[in-house]
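The sequence and the model come first.

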Amino acid sequence: MATDAPPPSKGGADTPHAPSTEEFIQEQESPEFGELRRAHRSFAFPLTVAFIVWYLAYVLLSNYAGDFMGTKLFGNINVALVLGLAQFLTTFLIAWWYSHHAATKLDPKAEAIKSRMEGGA
């Protein structure tokens with residue numbers, strides 16, 4: 001695939017600083033990086049556990065509570081169908097919620113760390 005973009009320059013003024021191994025280790029041990037990691041983990045881990053529990057509850061109900069899952073709510077719509085569709089809905093809601101969380105809480109912190117690392121400060 002051909003493009004009109006010029007090839008990347010070899011170390012011009014716009015080339016970011018390449019951090020050394022020691023700088024990476026120092027940054028990894030910094031309080032700012034620890035705060036970024038905590039912000040991610042405190043959101044992602046509990047939400048992951050909650051969704052897995054919700055999914056397993058649906059599977060277990062489907063296998064062992066057939067009468068309950070077969071309960072008609074209206075027309076041909078039963079509890080199993082509603083809970084199954086709710087699985088899709090919660091998947092999309094969690095994806096949106098994480099995207100919002102990352103954009104507002106994680107990305108600014110990560111960008112500050114990246115700028116500091118590339119700037120050589």
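## A tryptophan at the aromatic cluster

W97 has a relative accessible area of 43%, so it is partly exposed. The model in which this value was computed is a predicted one. W97 belongs to one aromatic cluster together with F43 and Y98, and of these residues Y98 likewise counts as partly exposed, at a relative accessibility of 31%, whereas F43 is buried, with a relative accessible area of 12%.

## Ring geometry

A pair of aromatic rings is described by the distance of the centres and the angle of the planes. The count for this model comes to two aromatic pairs. In one of them, the ring centres of F43 and W97 are 5.1 Å apart and the planes stand at 80 degrees, so the pair is edge-to-face, given that angles over 60 degrees fall in that class. Because F43 lies in helix α2 and W97 in helix α4, this pair ties together parts that are 54 residues apart in sequence.

F43 also pairs with Y98: here the ring centres are 5.9 Å apart and the planes are at 45 degrees, so the pair is tilted. This pair, too, links distant parts of the chain, with F43 in helix α2 and Y98 in helix α4, 55 residues apart.

## Helix α4

The helix that carries W97 and Y98 runs over residues 79-119, which makes 41 residues, and α4 reaches 56 Å from its first C-alpha to its last, close to the 60 Å expected at 1.5 Å a residue. Along its course, α4 bends by about 45 degrees at L106, and a proline, P108, follows within four residues.

L106 is also one of the buried residues of α4, which include V79, A80, L83 and G84 as well as H101, A102, I113 and M117. What covers the buried residues of α4 includes the helices α1 (21-28), α2 (31-64) and α3 (66-69), along with the strands β1 (72-74) and β2 (77-78).

## The chain as a whole

The chain has four helices and two strands, and from the N terminus on these elements run α-α-α-β-β-α. Of its 121 residues, 17% count as buried, while the accessible surface comes to about 9,300 Å², of which 66% belongs to carbon and sulfur atoms.

Among the contacts in the chain with a separation of 6 or more, 63% are accounted for by residues 24 or more positions apart.

Definitions and conventions. Residues numbered from 1 in each chain as written. Predicted model: local features only at pLDDT ≥ 70, side-chain atom pairs only at ≥ 80, totals over all residues. Heavy atoms only, no water. Buried < 20%, exposed > 50% of the residue type's maximum accessible area, 1.4 Å probe, protein only. Contact = heavy atoms within 4.5 Å. Areas by Shrake-Rupley, 256 points an atom, 1.4 Å probe, with all protein chains shown as cover. Expected span 1.5 Å × (residues − 1). Bend = angle between axes of the 7 residues up to and from the residue. Phe/Tyr/Trp six-rings, centres within 6.5 Å; stacked < 30°, edge-to-face > 60°.
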